[in-house]
Amino acid sequence: MKREIRTSEGAPPVGAYSQGLVVGDFLYTSGMGPLDPETGEVVGADVAAQTHRTMRNLGAVLAAEGLTFDDVVKATVHLQNLKEDFAAYNEVYKSYFNPPYPVRTTVGSDLKDILVEIDFVAYKGR
């Protein structure tokens with residue numbers, strides 16, 4: 001069984017996908033970017049600002065299920081400009097977590113109108 005998670009506090013879906021799905025003891029989020037939850041507009045001109053907005057969007061989906069960043073076990077990150085933006089993105093990203101950090105894959109991707117997109121897998125079974 002899977003159950004959809006939807007919150008007005010996170011980035012609204014811009015296609016045929018859910019913000020999050022709970023399957024068993026895990027919450028899977030969609031890939032989220034730096035969209036303002038109220039306007040749907042991109043927030044931030046640089047990767048640091050866009051990463052903050054993206055993390056707040058993901059945090060809202062976690063919170064809707066009673067979870068926090070401490071429950072995240074896996075992250076997949078796409079950066080428009082991997083070489084140029086990795087350090088700035090990484091500084092913001094790590095500020096949302098306590099060690100041990102989630103496992104993570106970070107790749108360069110051709111993103112439409114944004115600099116960063118992130119998705120999470122969180123464990124609910126603690």
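**Reading helices, contacts and a core**

Author: Let us begin with a bend in a helix: α2 bends by about 30 degrees at Ala88. Please keep in mind throughout that this is a predicted model.

Reader: Which residues of α2 are buried, and against which elements do they pack?

Author: A residue counts as buried when its relative accessible area is under 20%. In α2 the buried residues are Asp85, Tyr89, Asn90, Val92 and Tyr93. They pack against α1, β4, β5 (103-108) and β6.

Reader: What is found at the start of α1, and what comes just after α1?

Author: At the start, a side-chain oxygen of Asp46 comes to within 3.3 Å of the backbone nitrogen of Ala48. Just after the helix, Gly66 adopts a positive phi of about 75 degrees.

Reader: Against which elements do the buried residues of α1 pack?

Author: The partners are β1 (2-5), β2 (20-23), β3 (26-29), β4 (72-79), α2 (82-94) and β6 (116-123). Among the buried residues of α1 are Val47, Gln50, Thr54, Met55, Leu58 and Leu62.

Reader: Is Thr54 buried or exposed, and what does its side chain reach?

Author: Thr54 belongs to helix α1. Its relative accessibility is 0%, so Thr54 counts as buried. The Thr54 side chain reaches the backbone oxygen of Gly33 at 3.5 Å. Setting aside residues up to four places away in sequence, Thr54 touches Met32, Gly33, Pro34, Val116 and Ile118.

Reader: Which side chains make polar contacts with that of Arg104?

Author: Another, of 3.3 Å, joins the side chains of Arg104 and Thr106. Beyond four places in sequence, Arg104 also touches other residues, including Lys74, Val77, Phe86 and Tyr93. As for Met55, Arg104 is 49 residues from it in sequence and 14 Å from it in space, C-alpha to C-alpha.

Reader: What is Thr76 in contact with, beyond its neighbours in sequence?

Author: Thr76 is found in strand β4. Outside the four places on either side in sequence, Thr76 contacts Thr105, Glu117, Ile118 and Asp119. The side chains of Thr76 and Lys74 are joined by a polar contact of 3.4 Å.

Reader: Which residues of the largest nonpolar core touch the most other members?

Author: In soluble globular proteins, nonpolar side chains tend to be buried together. Here the largest nonpolar core has 25 residues, and those touching the most other members are Leu27, Met55, Leu62, Phe97, Ile118 and Phe120. The elements α1, β4, α2 and β6 each give two or more residues to this core. The largest share, five residues, comes from α1.

Reader: With what is Ile118 in contact?

Author: Leaving aside neighbours within four places in sequence, the contacts of Ile118 include Met32, Thr54, Met55, Leu58, Thr76, Val77 and Tyr89.

Note on methods:
Residues numbered from 1 in each chain as written. Predicted model: local features only at pLDDT ≥ 70, side-chain atom pairs only at ≥ 80, totals over all residues. Heavy atoms only, no water. Buried < 20%, exposed > 50% of the residue type's maximum accessible area, 1.4 Å probe, protein only. Helix = DSSP H or I, 4+ residues; strand = E, 2+ residues; numbered from the N terminus. Contact = heavy atoms within 4.5 Å. Polar contact = N/O pair within 3.5 Å; in protein donor to acceptor, adjacent residues only side chain to side chain. Bend = angle between axes of the 7 residues up to and from the residue. Core = buried A, V, L, I, M, F, W, Y, C linked by side-chain atoms within 4.5 Å.
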